[in-house]
Amino acid sequence: MSKKILFILLTVMGSFTMFGQGIVFETGNWESILKKAKKEKKLIYLDAYTSWCGPCKMMKKSIFPDAQVGKYFNENFVNAQIDMEKGEGTGLAKTYKVNAYPTHLFIDGSGKLIHLSLGYMDAVEFVSLGKQANDPKQQYATLQTKFEAGDRDATLLSNYLNLLYQTGDPKGDAVAQEYFKTQKDLTTDENIKWLNAFAINPNSVNHSTLLENKEAITAKLHSEFLGNLAYNYFKSDYNKKLDLPAAQQHLSAVYPEERGILSFYLATFYHKKNKETEQYNQALTEYLTPENVDKFDSQELNSFAWYAYESFDDPAKIKQAIVWAQASVNKLSQYANNDTLAWLYFKAGDKENARITAEKAIALGKATGNDTSSTEELLTK
């Protein structure tokens, strides 16, 4: 075999090896990674992780080895993976203000932050993130520079808000304030999302704008919005030491139509924080009557019901919790809430309904890839 043919074969085989595997991460120090990125005129993709982070482990196990992810990231980036609590990672965490994991950083060869995102994402989402990082129109650094230069284009502001929302950046309130000025209708789905994200805190410059549109937001999100409103009032500097009755009175005055549910949310947040279990349980059972359960979404009702299963022994309270679980299932029948309902039936001594509901839960769980072992355990009981 000639040397030329051998060289071609080795090159082709090498290409298959690179693009048939996942992301190839550099093993050198940060300075060498910066030099390589500058030389190759590529951005660095930095997986900023910690050893204890669950989503980080999921990315490492399922996403980084993906062939399509590897193909895009190996072609377009110099890839690095650094524990933010060890060695050079501690300094990098301070430099790039990393405080949530995983953080996905895209950095140029000079060390400038160009783009970023947070959290676990699937392979398609992750490749999409890489493409955003390589698109000057969508890069965090570009959007930030244009905003600071006075650009108030609505699309630019919306794209910038999306990034700030994903990363929990405190600049979001100021950007949202400018974005809201560009909008004629603040009750669209997207604008309600931004109001709920960047105007919910009573200290926010946008809070009055949110309250001006509270009816539309409530109609769209209801308990999600009201719970968020109460929680932000509860945790904000507005009440450094919360006076529960005063807080309930204040929110009721601001939003008299929803007096009951807002007082309920404030009470449960307050009692939970102060580990006042008896008062917390009382707040649940007093407010979650059959007349009020419809005010909550399926997920919340399931959460309340499962708490009751784990915490209550009083037959009357278990019976009440069954109503919550039934309402959750009626709103959206899923594996989790059918499982909760089955266990509550069992605790109440209703074995027939426990069996029927457990079988339904298992069928739903298997169809959606859930681990149904605990429900199967219930059937053996």
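How many helices and strands are there in the chain? And which cysteines does a disulfide join?

Author: Keep in mind that this is a predicted model. The chain holds 21 helices and four strands. Its C-alpha trace spans about 85 × 60 × 40 Å along the principal axes. The chain has 381 residues, and 46% of them count as buried. Take the contacts in the chain with a separation of 6 or more: 61% of them come from residues 24 or more positions apart.

Now the surface and the charges. The chain carries 43 positive and 46 negative charges.

Next, the part you asked about. A disulfide is a covalent bond between the sulfur atoms of two cysteines. A search of the whole structure turns up one. The partners are Cys 53 and Cys 56, with an S to S distance of 2.3 Å. That pair passes the test because the cut-off for a disulfide is sulfur atoms within 2.5 Å.

Look at the handedness. The torsion about the S-S bond of Cys 53 and Cys 56 is about 85°, so this disulfide is right-handed.

Then check exposure. Buried means under 20% relative accessible area. Cys 53 has 2% relative accessibility, so Cys 53 counts as buried. Cys 56 has a relative accessible area of 6%, so Cys 56 is buried too.

Note on methods
Residues are numbered from 1 along each chain as its sequence is written. This is a predicted model: local features need pLDDT of at least 70, side-chain atom pairs count only at pLDDT 80 or more; totals for chains, interfaces and linings use all residues. Side-chain values use heavy atoms; hydrogens and water are left out. Helices (H or I, at least four residues) and strands (E, at least two) are DSSP runs, numbered from the N terminus. Buried means under 20% relative accessible area, exposed over 50%, partly exposed in between (1.4 Å probe, protein chains only). Contact means heavy atoms within 4.5 Å. Lys and Arg count as positive and Asp and Glu as negative; His and the chain ends are not counted. The place of a charge is taken as NZ of Lys, CZ of Arg, CG of Asp or CD of Glu.
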